[in-house]
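Open the structure in your viewer and keep the selection panel at hand.

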Amino acid sequence: LLGSVSGWGQANLDVDNLEAAIPKMGDLREQWEAYHDLAMAKRLSSPRDVFFIGKDDLLRVAQEMGSDSLIADSYTLMGTAKIVLDEYNEAMPYFTEGLRYAKRSRYLAIERRIHLNLGTAFFELDNIAQGKAEMRKALALSEEEPNPRGQEHIFNNLGVAYEIENKLDSALLMLE
């Protein structure tokens, strides 16, 4: 009925059947993963739907499970949807709450992602200094749990920030 509903490749996902099937799933972890896949399937066409899936479904199931790491993921998804909607100030409370749960569960990957997203939001709000501070926090977490692609993304964003500040030597150093 559903095919593979995990990961980012939902090109063949039957969204209508998935939406109807999720509430009938008995396993809460399976429900959470299916709601997450549904959100990812809608991420390009309807970021507002993604926000509400996070708020109404993902968060509820994660709280029922008592899983701090899934609660952190749920808040992060909501904050990210707000960024996609260019609602940067509104994204902040979701990232802050997600960060609280990520720290409680020692979920370094999501903590790093939250700092990266906060950095992006601050850059968009023209607060370059705070954006760089968030990127540096993400970078420090990358050193604890190395992720070369994530580190590359962080260095790229820091390079752009230095370029905006016309600190071209620092920008070049980050990009190298």
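**Stop 1: helix H8**

Select residues 148–164. This is helix H8, with 17 residues. From first C-alpha to last it reaches 24 Å, close to the 24 Å expected at 1.5 Å a residue. The expected span is 1.5 Å times one less than the number of residues. Helices are DSSP runs (H or I, at least four residues), numbered from the N terminus.

This is a predicted model: local features need pLDDT of at least 70, side-chain atom pairs count only at pLDDT 80 or more, and totals for chains, interfaces and linings use all residues. Residues are numbered from 1 along each chain as its sequence is written, and side-chain values use heavy atoms, without hydrogens and water.

Now colour the buried residues of H8, among them Ile 154, Leu 158 and Tyr 162. Buried means under 20% relative accessible area, exposed over 50%, partly exposed in between (1.4 Å probe, protein chains only). Show H6 (108–124), H7 (128–144) and H9 (168–175): the buried residues of H8 pack against these helices.

**Stop 2: the rings**

Select Phe 51, Phe 52 and Tyr 94, which form one aromatic cluster. Rings of Phe, Tyr and Trp (its six-membered ring) pair if their centres lie within 6.5 Å; planes under 30 degrees apart count as stacked, over 60 as edge-to-face, the rest as tilted.

Phe 52 is partly exposed, at 38%. Phe 51 and Tyr 94 pair edge-to-face, 5.3 Å centre to centre, with 80 degrees between the planes.

How values were computed. Helix = DSSP H or I, 4+ residues; strand = E, 2+ residues; numbered from the N terminus. Contact = heavy atoms within 4.5 Å.
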